[in-house]
Each structure stands twice: as C-alpha cells, then as structure tokens.
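Here is a short briefing on backbone angles and aromatic rings. Keep the structure open as you read.

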Amino acid sequence: MLLTALFLLPAAGRTGQAYANEFEYRVAAQDRLKIKVSEWRPNSRELFEWSALSGEFAISSTGMLSLPVVGTFSVDGKAPAEIAALISERLKGTAGLVNAPAAAVEIAQYRPIYVVGAVERPGEYAFRPTMTALQAVAIAGGVQRMELALGRFERETIVAEGEIRVQQTQLLALRIRRDRLLAEARRADAITFSEDVRRSLDDGAAQAMREESALFDARRKAVRSQLDLLQQSRTLLEEELRTLGTKAVTQQRQQDLIRRELNNINSLISKGLAVSPRQLAVEQNLAQSESQALDLVLATARAKQEISRIERALADLENQREIDIGRELRETQLSLKQTDDRIAALRALIHESTALAPRLQTEQEKQLTRMRFSVQRRQGGTVQEIAVDEASPILPGDIVRVERASLQAIISSLPPSGAAGAQN
C-alpha cells in the first residue's frame, strides 16, 4: 500500500544524501565503536599497532568510553573523527610520545531504533545505514491492519441474527410459562394460552405447551392432594369431637343418676334405714364418673386444638401457593421484558450495521491513505519531534511513530444516516 505523507520536513526537497550530511552522526550510549590505533616508527621503518587499543568498545549508559592506557572520557555527542583525534591526543600525553599515533574510529554497531504506533510489531530494532521511515515500518511488520468495516459488520449481523433466534425461542417459552402461572393464579382447571403463543405453533412451541400443561396438572394435583389430606384430617377430628360431645352428655346423665342415688342413700341413712358402706360405694362411683368427665373435656380441648392447627395449615398452604405463584409470575414478566428489550437492541444493531457498514467502508479507505510519520530525535541535549515522510532517512536512536485515525474515530466522524442520505 502506498502511504501518502501529510507532514514533510522543511528540507524535504533535498536528496537523502544531503539530509544525511546535514546530520553528521554523533555517538551516544548503546553504540559500539571499532577502534584501531597505529604508529609509524621511522627508526625501524615499521608500522606499530597498539593492540590493546584496537578492537570493539561499548559506550556506557552515561556516554563514557573506557580504553586501556588512555583512560575513561566522555564521547557523548561526538563524531567518530572527533573521537579518533581525542584518542590520539590523550594517548600522546599519557604515553609521553613525541608524535601522536594515528587512530581510526568507525561505528561497529549502531544504537537501536524504536518503532511505535500503528504497526504490527512495535518495539526495538537494529539500525541499518540509509534506513528510511518506510523501511523502519516494514521491519516492524508493516502498518497495523485495520479490520475492514464491511466484514466486521457482516459478522456482527450474522451473530446478532443468531442471537435473535435464540432470544425469540426464550421469549416463547417465557410466554407459555406466564400463561401457566396466570391459570394457576386464577385456580383454573386448564391453561388458556394467549394469542401470541397460539400464533407460534411449531414443533418446539407445541412441545413447550405440552410440558407446561403437564407441569400445571402435576402442581395442581400435588396441591389438591395436600388440601384433601388436611381436609380429611379435619373431618376425622370433627367426627371425634362430635363423639366426645355425645360421650360428655352420656357421662353427665350418668353423674346425675349417681348423685340422685347418693341423695336417696343419704336420706335413708339419716332415717336409720341404710348403712354407710353403701354410701361409700356410691360416692366412689361418682368420683370415678367425674374423672372420666374431665378426661372427656381434655380430649375435646385437644381435638379442637388440632382442628385449629389443621385450619391454619390449610390457610398457610393456600397463602404460600399464592405467594409462590406471584413471585414466579413477577420473575417471568421481568424476564419477558428483558428478552423483548434484548431483541429490540439486537434488531437496532443489525439496522445500524446495515446502514453504517457501506459508509464506513468508503471512509476507511480514504483514511488508510492518510498516515502520519514522525520521528523523536535527540538533538543538542533535547528531544525534538519532527514530522517526516516515508522516504525520510532514519538515524540511530530515533523513535519512529506511525499514526492514523482509529476505527472508532472514523465512525465518530461519519454524519448521521439521514444526513448522508440527504447528501447523496
């Protein structure tokens, strides 16, 4: 893809060689220098090489260079020729030489460059001489590929349509459940399905209706069974209570007879016509009858208490059933509302994707040609950001930045659908 520059250097009209000459290379931390020091000795007519000073040397993070004999000194920001002259002079003074030896300095390894921004693999890369901004982007994997809008929205539409089908199935199941709960709340004998359910009579809907009807019958039978059991218990207790009442009447009649007999005996005893043992026997019968009467009273109270408990259980069963049905109905209605809203949102997404994708595709193709290149470069102790084009040379240590509009920014820049239609 051809990349068109938006921002050019002020000297963009000059050749790459002229641009490179303008920026004579200055060493800095992370550079490695290849140094060779030699001395011509006229007496022996031979060239003597200072092997201890010949080889590759790294510049420290503080911009210092350490050499045997010569010592440690700063080379930050100096050109290779300046460093060679400095080595010669320092060696002449340190070694006490009459003539300064010859030193040659060249770059063995340049400090790396950094490529950041809209590239596939941002990071640190080795510098190569005559490298351009476009070449730096190339070794970083090229310009980051922006997802094509049309393909993205097509996928989103397919996913949304599939989700709508799932939600519609869920919606139908919720409507069938709602109809079952409404029938339970009305204590109806059967479910009356609503019109929106009957309009969706397919195999899945028919199966769901059968399942909800079976659940309705099972729950109805379970509640009726519990109610019948409690009603039977209450009926038995009421029958027992009537029996106890009859016994109490009979017991009272028996006590009355015993008391009458005791009164007659007491009268005869007062006249001397009866003996006291007979009186004692009748009094014992009366005490036993009164005890039995008390037992009947206690049994009657217990039966009444059990009847009250059963009536409370009946009321609690009915109340709990209404509470459970009401809670399930509220939850179902809420799920219905949420499912309806979700389907509406998915349909709006499909509509927006269908309307937005073609316009976004066109705008994105325009934006892909509007790449921005800039370089952050240390100059004179400060870091400056320079706008460059794709053919501009890159220097060691540069931070190459590639910028373009994001997909979200492109979407935000698009006019509303209505406005676009009016312009078309």
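Val69 sits in the loop between strand S5 (64–67) and strand S6 (71–74). The model is predicted. In it, Val69 has a positive phi of about 70°, although Val69 is not a glycine.

**Positive phi angles**
- Val69 has a relative accessible area of 47%.
- Arg187 lies in the loop between helix H4 (149–186) and helix H5 (195–198).
- Arg187 counts as partly exposed, at 45% relative accessibility.

**Aromatic pairs**
- With ring centres within 6.5 Å as the rule, the count is three aromatic pairs.
- One of them joins Tyr25 and Tyr110: the ring centres are 5.2 Å apart and the planes stand at 75°. Planes over 60 degrees apart count as edge-to-face, so this pair is edge-to-face.
- Tyr25 is in the loop between helix H1 (16–22) and strand S2 (32–41), and Tyr110 is in the loop between strand S7 (102–109) and strand S8 (113–117). The pair therefore ties together parts that are 85 residues apart in sequence.
- Tyr25 is buried, with a relative accessible area of 17%. Tyr110 is partly exposed, at 26%.
- Phe48 and Trp50 have ring centres 5.8 Å apart and planes at 75°, so this pair is edge-to-face.
- Phe48 is partly exposed at 30% relative accessibility, whereas Trp50 is buried at 17%.

**Aromatic cluster**
- Which residues form one aromatic cluster? They are Tyr25, Tyr110 and Phe127.

Technical notes:
Residues numbered from 1 in each chain as written. Predicted model: local features only at pLDDT ≥ 70, side-chain atom pairs only at ≥ 80, totals over all residues. Heavy atoms only, no water. Helix = DSSP H or I, 4+ residues; strand = E, 2+ residues; numbered from the N terminus. Buried < 20%, exposed > 50% of the residue type's maximum accessible area, 1.4 Å probe, protein only. Phe/Tyr/Trp six-rings, centres within 6.5 Å; stacked < 30°, edge-to-face > 60°.
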